[in-house]
Amino acid sequence: MTRRPPPPEEFLPRETRPHLGGRKATGDKLTSTYDLVEEMDYLYVRVVKAINLPPKDLTGGCDPYVQVKLGNYMGTTHHIPMISNPEWSQVFAFSKERSQGSELEVIVKDKDVMMNEFIGRVLFEVHDVPKRVPPDGPLAAQWYRLEDRNGNKLMGELMLAVWWGTQADEAFPEAWHSDAATFGDVNGLANIRSKVYLSPKLWYLRVNVIEAQDLMPSDMTRPPDVFVKALLGNKALRTRCCMSKSINPMWNEDLMFVAAEPFEEPLILSVEDRVAPNKDEVLGRCAIALQHVERRFDHKTPETMWFNLEKHIITPEGDKKEVRIASRIHLRLCLEGGYHVLDESTHYSSDLRPTAKELWKSPTGVLEVGILNAEGLLPMKTRDGMATTDAYCVAKYGQKWVRTRTIIDSFSPKWNEQYTWEVFDPCTVITIGIFDNCHLHLADRAGRIRDSRIGKIRIRLSTLESDRVYTHSYPLLVLHPNGVKKMGEIQLAVRFTCSSLLNMMSMYSQPLLPKMHYVYPLSITQLDSLRHQATQIVSMRLGRAEPPLRKEAVEYMLDVGSHMWSVRRSKANFTRIMGVLGGLIAVGKWCDQICNWKNPVNTVLIHILFLVLVFYPGLILPTIFIYLFLIGIWYYRFRPRHPPHMDTLLSCADDSHPDELGEEFDTFPTSCPVDILRMRYDRLRSIAGRIQTVVGDLATLGERLQSLLSWREPRATAVFVIFCLVAAIVLIVTPFQVIALFTGFYVLRHPRFRHKLPSVPLNFFRRLPARTDCML
């Protein structure tokens with residue numbers, strides 16, 4: 001098998017050597033917990049409140065707000081109407097790298113329709129501002145007397161706190177940054193701030209519908225065709241129609257939902273009668289609050305419960321009235337805490353713990369990620385006639401999501417933010433995505449605009465060495481309808497620290513998923529439906545946070561839609577299979593060369609090794625394991641130096657036909673014209689035909705093996721049974737070494753003693769019957 005060419009150099013990660021904050025501690029350079037990012041100095045200004053501001057309006061009041069100016073950068077608080085003792089409690093952060101002024105000016109102004117009027121100001125010399133380094137406590141705010149532009153004292157005082165700090169300061173996430181100086185929408189500043197989110201705690205809700213009693217259909221002359229419909233939120237499931245067609249139907253059928261804490265919505269069950277096609281009559285319903293449902297942590301069967309059904313009756317006045325009836329329904333309800341609720345792709349899971357916290361094990365390590373910067377980002381949109389990009393990062397591992405602040409109008413943004421996660425299983429993946437913020441202005445918040453995807457990377461923790469800091473720049477590769485495209489690079493610093501090597505190594509002997517997935521496994525169809533419910537709940541909950549983590553970003557991070565059909569993915573998976581089988585194919589070719597004496601020296605050496613193993617069979621297994629050990633030691637010098645990254649060649653993204661990519665990016669249901677659909681359907685039929693042929697050939701091999709003893713072919717089975725008897729007698733009376741010796745020399749015989757026709761055992765096997773004769 002030919003070796004695949006390496007991917008292009010620009011598509012590979014490259015190791016970098018950034019100056020991280022914790023690598024030095026000289027002079028006044030103090031280390032901090034932010035040791036995986038480059039230290040960035042900020043001038044922080046906390047504007048707390050003011051008192052005794054002079055009136056400026058004709059009404060005798062003022063509408064004060066504060067401007068904070070440093071060089072060419074200016075931040076503004078919100079204004080508070082008609083008050084002389086306002087409170088703002090806002091923080092401003094000016095980057096030392098960008099600021100050029102030597103004076104910090106804090107100006108209090110009165111907002112007016114025509115022109116904002118000056119009230120007073122406070123001046124600070126930048127070089128006199130004190131420096132604060134965590135874990136020192138926050139700097140206390142002080143009162144400062146307002147001055148006019150000539151330095152004369154005025155009426156009114158302003159409470160401020162001014163200090164030099166870094167991104168490790170607790171005020172950093174909530175501050176207005178000078179990076180956003182061109183962003184004038186003060187009310188939308190929340191859309192650009194960094195934030196940490198927690199996924200909602202998800203449970204599987206199992207509803208076992210057993211039976212119902214004393215139903216009262218409206219037409220007693222007709223046998224009822226009854227089923228149960230369950231509704232939780234916007235997800236509805238239903239049982240099959242009862243076959244007994246009685247007023248006491250039985251189902252004993254499970255319905256599975258995903259429920260999220262806090263349980264705000266009840267489970268609504270309705271028993272309905274199919275009175276006509278597309279027409280159902282509600283015979284009764286009940287609402288069950290999930291707060292009172294039993295929580296199950298193992299496979300013990302929960303208790304059953306009876307619930308009374310109620311029915312809505314339309315009064316003559318047109319009102320709906322709930323009436324209690326004698327009907328009731330028998331259920332077995334439980335919240336499954338022993339399963340892990342799958343909301344990610346199973347190949348890229350970042351969390352495999354069960355829902356119930358009582359079943360969690362102690363963490364095995366800590367993951368620290370420093371999101372440093374990005375370089376060479378492409379323009380994603382136009383604003384004021386200029387191409388621009390407003391980039392932010394999202395990282396997801398376990399239940400914790402993080403979002404960096406948005407860097408406004410920059411193709412080389414610098415975040416330098418560090419985040420930490422507890423690791424419970426090293427065989428998990430962290431996903432980091434980068435997006436363009438398209439929701440910076442009020443006019444863009446109507447839901448018409450979606451944040452654009454710039455790219456994402458994945459890092460599997462088990463591929464990282466413990467306690468090593470990986471500093472790499474990863475290319476951001478995105479597949480577009482016209483092919484793969486590099487959108488830029490993102491630089492990260494990653495460190496996985498193992499707290500207990502023994503606990504981590506013991507994880508490799510344990511099942512990947514919790515015990516309940518193996519004791520009471522869920523079907524593939526159930527898992528697909530439940531994963532869809534889970535992703536919808538997570539995207540909805542995170543979309544309601546402030547700032548919202550929007551649906552398009554959540555779905556991109558969770559790989560929603562990755563299961564859709566794609567010719568490119570099918571070819572890529574075939575390439576992966578051939579890569580796995582390549583080793584076996586190579587061994588088979590090597591054995592064929594040995595048996596056919598292509599290299600006589602090697603064949604003679606194999607004869608000698610074969611004789612040694614025949615007369616000393618106890619050396620067979622040790623020889624195999626020593627050979628594997630030597631191969632492992634030899635491959636150590638070729639071990640990967642970088643974490644694995646997206647492989648465009650393996651993904652078949654560099655040589656896919658444009659129409660194949662167009663099909664992959666098509667909507668579902670499709671929006672293509674009929675002629676293109678016909679062409680794609682014919683192509684799909686041809687590919688599926690080849691797949692079905694391969695699957696059929698594999699099934700034929702298995703059925704021929706089964707037919708050896710099934711007597712479907714009496715003569716062949718009789719021959720095989722007699723052969724087994726003769727072989728057993730020969731093996732009993734003949735030493736094993738003699739049998740092995742003759743077998744080995746027969747296999748390794750010289751080509752002049754070989755025939756070109758297939759061997760007798762192969763001919764016998766190919767003549768065995770398969771079940772293809774029974775297929776239409």
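Colleague: Hi! Of the 17 residues of H7, how many are buried?

Modeller: Zero of them are buried, so H7 lies largely in the open. Buried means under 20% relative accessible area, exposed over 50%, and partly exposed in between, with a 1.4 Å probe and protein chains only. This is a predicted model, where local features need pLDDT of at least 70, side-chain atom pairs count only at pLDDT 80 or more, and totals for chains, interfaces and linings use all residues. Residues are numbered from 1 along each chain as its sequence is written, and side-chain values use heavy atoms, with hydrogens and water left out.

Colleague: And how far does H7 reach from its first C-alpha to its last?

Modeller: H7 (residues 620-636) reaches 25 Å, close to the 24 Å expected at 1.5 Å a residue. The expected span is 1.5 Å times one less than the number of residues. Helices (H or I, at least four residues) and strands (E, at least two) are DSSP runs, numbered from the N terminus.

Colleague: Switching to Thr-535: buried or exposed?

Modeller: Thr-535 counts as buried, at 4% relative accessibility. Its place is in helix H3 (residues 524-543).

Colleague: What does Thr-535 touch?

Modeller: Not counting residues up to four places away in sequence, Thr-535 touches Asp-343, Leu-558 and Val-560. Contact means heavy atoms within 4.5 Å.

Colleague: Now the sheet: what is the strand order in the open sheet of five strands?

Modeller: The order is E11-E25-E24-E27-E28, with antiparallel pairing. Two strands pair if DSSP finds at least two bridges between them.

Colleague: How many bridges join E24 to E27?

Modeller: Six bridges join strand E24 (residues 391-397) to strand E27 (residues 429-436). For Ala-391, the bridge partner in E27 is Asp-436.
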